[in-house]
Amino acid sequence: MKLPFKIDLNDKVIAITGAGGIICGEFARILAACGAKVALLDINFDAAKQIADEIGENAIAVRCDCLNKDSIVAAKETIEESFGKVNFLINGAGGNNPRATCDNETMSADTDSQIKTFFKLEESGIKFVFDLNITTAFLVTQVFAEDMVKTGGNIINISSMNAYRPLTKIPAYSAAKAGISNFTQWLAVHFAPCHIRVNAIAPGFFVTNQNRGLLFDESGQPTARTAKILAATPMKKFGEISDIAGALLLLASDEASGFVTGTVIPVDGGFSAYSGV
């Protein structure tokens, strides 16, 4: 792994939720390479452990259900036993669910009755997506920021392009990520007197385990949705995980961004700036 630049994080103990995934797993590798002690939290312990084992002695995997406050508190205790108190948090847990996803991009009066429309979306699915994105960030921040109030700290949330421009078919996820951006700004104001910076990164379109099936068919060919995404991305490509490293390191560095709080940085190849015309 080649970093675009290196910063000194030897005094940081970082908890990363959703760290068994592609993006947050790479975040763990990047920050550990800069000297941080990194705890990879995920309900999928095996995925997190695989990455932690690759990183080595300054990384641990911790099983954590970010929708269960007792589980989060237990994770915090495990981290403190190994590394000490957390002074840097990345809220990366999140995602969508098929129960909250429409089949059709737009509605019409004569829509086929077999299609799963907005009116057929399940209440349980909508609530699950909001909980998975908003409630997790709320609970995890409650648990880990309590110590930071006394010592200062850094929090990075993971927002999305959906926060800027809601994508078709996924209303709950789009609204939830808009909530993450808003929550980031709220926390930044609330914690500013305690010397806790709070920012967010809003990735554009990266190929991950969660969206691969939407972007490519079973034979590996791009889907129609991929064609639309690339047409609306001025750089005409998906992002590589390495493309997000610079934004992460900037926000991670107290020296480089010590006066930066309440921001949401898009890393999207121009998607959020393009009107389509």
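Here are some questions and answers about the structure above.

Me: What kind of model is this, and how are residues numbered?
Reply: Happy to start there: this is a predicted model, where local features need pLDDT of at least 70 and side-chain atom pairs count only at pLDDT 80 or more, while totals for chains, interfaces and linings use all residues. Side-chain values use heavy atoms, with hydrogens and water left out, and residues are numbered from 1 along each chain as its sequence is written.

Me: At what angle do helix 1 and helix 2 pack, and are they roughly parallel or roughly antiparallel?
Reply: Helices here are DSSP runs of H or I with at least four residues, and strands are E runs of at least two, numbered from the N terminus. Axes are lines fitted to C-alpha atoms, for helices over the stretch in contact, and angles run from 0 to 180 degrees between N-to-C directions. Helix 1 (residues 22-33) and helix 2 (residues 45-55) have axes 10 Å apart, at an angle of about 20 degrees. Angles under 35 degrees count as roughly parallel, over 145 as roughly antiparallel, 65 to 115 as roughly perpendicular and the rest as oblique, so the pair is roughly parallel.

Me: Which residues of helix 2 make the contact with helix 1?
Reply: Contact means heavy atoms within 4.5 Å. From helix 1 come Gly25, Ala28, Arg29 and Ala32, and they meet, on helix 2, Ile51, Glu54 and Ile55.

Me: Which residues of helix 4 make the contact with helix 3?
Reply: Helix 3 (residues 69-82) packs against helix 4 at about 35 degrees, with the axes 9 Å apart. Helix 3 supplies Lys69, Ile72, Val73, Lys76, Ile79 and Glu80, while the partners on helix 4 are Leu139, Val140, Gln142, Val143, Phe144 and Asp147.

Me: Why is helix 8 described as largely enclosed by the rest of the structure?
Reply: Buried means under 20% relative accessible area, exposed over 50% and partly exposed in between, with a 1.4 Å probe and protein chains only. The buried residues are Ala245, Ala247, Leu248, Leu249, Leu251 and Ala252, and their cover includes helix 1, strand 4, strand 5 (153-158), strand 6 (196-203), helix 9 (254-257) and strand 7 (264-267). Helix 8 (residues 245-252) is largely enclosed because the buried residues number six of the eight.

Me: Which residues does threonine 117 touch, not counting residues up to four places away in sequence?
Reply: Threonine 117 lies in the loop between strand 4 (88-91) and helix 4 (123-151). Threonine 117 is buried, at a relative accessible area of 5%. With those sequence neighbours set aside, threonine 117 touches Cys102, Asn104, Met107 and Thr111.

Me: How many disulfides are there?
Reply: A disulfide is a pair of cysteine sulfur atoms within 2.5 Å. Cysteine 66 is buried at 7% relative accessibility, and its sulfur is 4.1 Å from the closest cysteine sulfur, in cysteine 64, which is too far for a bond. By this rule the count is zero.

Me: Is histidine 195 buried or exposed?
Reply: Most residues other than glycine have a negative phi. Histidine 195, although not a glycine, has a positive phi of about 60 degrees. The residue sits in the loop between helix 5 (171-191) and strand 6. With a relative accessible area of 65%, histidine 195 is exposed.

Me: What does lysine 236 count as, by relative accessibility?
Reply: Lysine 236 is in the loop between helix 7 (224-231) and helix 8, and its phi is positive, near 60 degrees. At 49% relative accessibility, lysine 236 counts as partly exposed.
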